[in-house]
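Visitor: Please take me through this model, and for each label you use, tell me how it was reached.

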Amino acid sequence: MRTSWGSATDRGRVRRLNEDSLLAYPPIFMVADGMGGHAAGDVASRLAVEEFSQLAGRSAASPDDIHDCFHRTATRLRDSIAAGKMAGTTVAGVAIAAHDGGSYWLVFNIGDSRVYRLSGGELEQISVDHSVVQELIDAGELDPADATGHPERHVITRAVGTGAEPEPDYWLIPAGTADRLLVCSDGLTSELDDDAIRDVLVTAADPQDAAQMLVARALEAGGQDNVSAVVVDVAMAPGEADTESTRRAPSRALLLAEEASPPATAWDEEIDGVTIPSPTRARAPEVS
Ligand code: MG
């Protein structure tokens, strides 16, 4: 399966740090949104990208491969973050997968970063958030239309963290010949609704243009959080067995969210007194 892709990330208009990290290199396209403040959240998301990037360059990845990446990330987090500090990261993405001779997308998620698919002009959210708001919606206690203003909208219920074994969800979906996939952090989806996201994805033909336009629109809408987007297009002729990817320039293919570090800030100051209350229920500083 051949793919072309683009990616963009920005720290936004409020945050001092970009704690998002992303990876766009076949067979892996992912976003990680770190939590825990300086030297914690940014480290957490970067560790996740480092572990998943070990799969870069392969023709496909299996569920076991992805699961190993989650576990190695969790182990390194426990070893890397100072004792007594909590840090975590969301991880959401898609991997090119082979199954019964066909090409598939293996979608994986922990937290509230998201994976969408645009197919036949329709935008569909594939991943399901691990969030308090999603649980309330599932329980019929919250109308999805009221989710954006909910006071607990940034509280996630699962993360790859220093205190918990990772519990990712997986979906295996057939790769359509004209699919466009979007992987993004909540800094995008908290600023743009599905219609606004779809508008960009159907308008911008080039995936790099689409990723940059999505991030630009999120900034225009407020940019309250770090925002990241990876856009992947499928280019697969019927019956095609070629698994070689259409590679872009390396600087575009492998992009880690990095910027100059501001003065070191104590973790509890960074997160404004809000702590991560339990290994499975992580509260982000202001937004996840
Ligand atoms: Mg975020």
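Visitor: What spacing do the donors of the magnesium ion follow along the chain?

Guide: The donors follow the spacing D-x152-D-x38-D along the chain, and they are Asp33 (OD), Asp186 (OD) and Asp225 (OD), which coordinate the magnesium ion at 2.1 to 2.2 Å. Donors here are N, O and S atoms within 2.8 Å of the metal (3.2 Å for Na, K and Ca), and since water is not among the atoms, sites may look incomplete. This is a predicted model, in which local features need pLDDT of at least 70 and side-chain atom pairs count only at pLDDT 80 or more, while totals for chains, interfaces and linings use all residues. Residues are numbered from 1 along each chain as its sequence is written, and side-chain values use heavy atoms, with hydrogens and water left out.

Visitor: Where in the chain do Asp186 and Asp225 lie?

Guide: Asp186 belongs to helix α4 (residues 186–189), whereas Asp225 sits in the loop between α6 (207–220) and β12 (227–235), so that the pair, 39 residues apart, links distant parts of the chain. Helices (H or I, at least four residues) and strands (E, at least two) are DSSP runs, numbered from the N terminus.

Visitor: Why is Asp186 called buried?

Guide: Buried means under 20% relative accessible area, exposed over 50%, and partly exposed in between, with a 1.4 Å probe and protein chains only. Asp186 has 5% relative accessibility and therefore counts as buried, and Asp225, with a relative accessible area of 1%, is buried by that rule too.

Visitor: What makes the pair of Phe52 and Phe70 edge-to-face?

Guide: Rings of Phe, Tyr and Trp (its six-membered ring) pair if their centres lie within 6.5 Å, and planes under 30 degrees apart count as stacked, over 60 as edge-to-face and the rest as tilted. The centres of Phe52 and Phe70 are 5.2 Å apart and their planes stand at 85°, so the pair is edge-to-face. Phe52 is in helix α1 (residues 41–52) and Phe70 in helix α2 (residues 63–80). Ring pairs link Phe52, Phe70, Phe108 and Tyr170 into a cluster.

Visitor: Why is strand β3 described as largely enclosed by the rest of the structure?

Guide: Eight of the eight residues of β3 (residues 28–35) are buried, and therefore the strand is described in that way. Ile28, Met30, Ala32 and Gly34 point one way, while Phe29, Val31, Asp33 and Met35 point the other way.

Visitor: How do you know that β3 pairs with strand β4?

Guide: Two strands pair if DSSP finds at least two bridges between them, and eight bridges join β3 to β4 (residues 88–99), the two running antiparallel.
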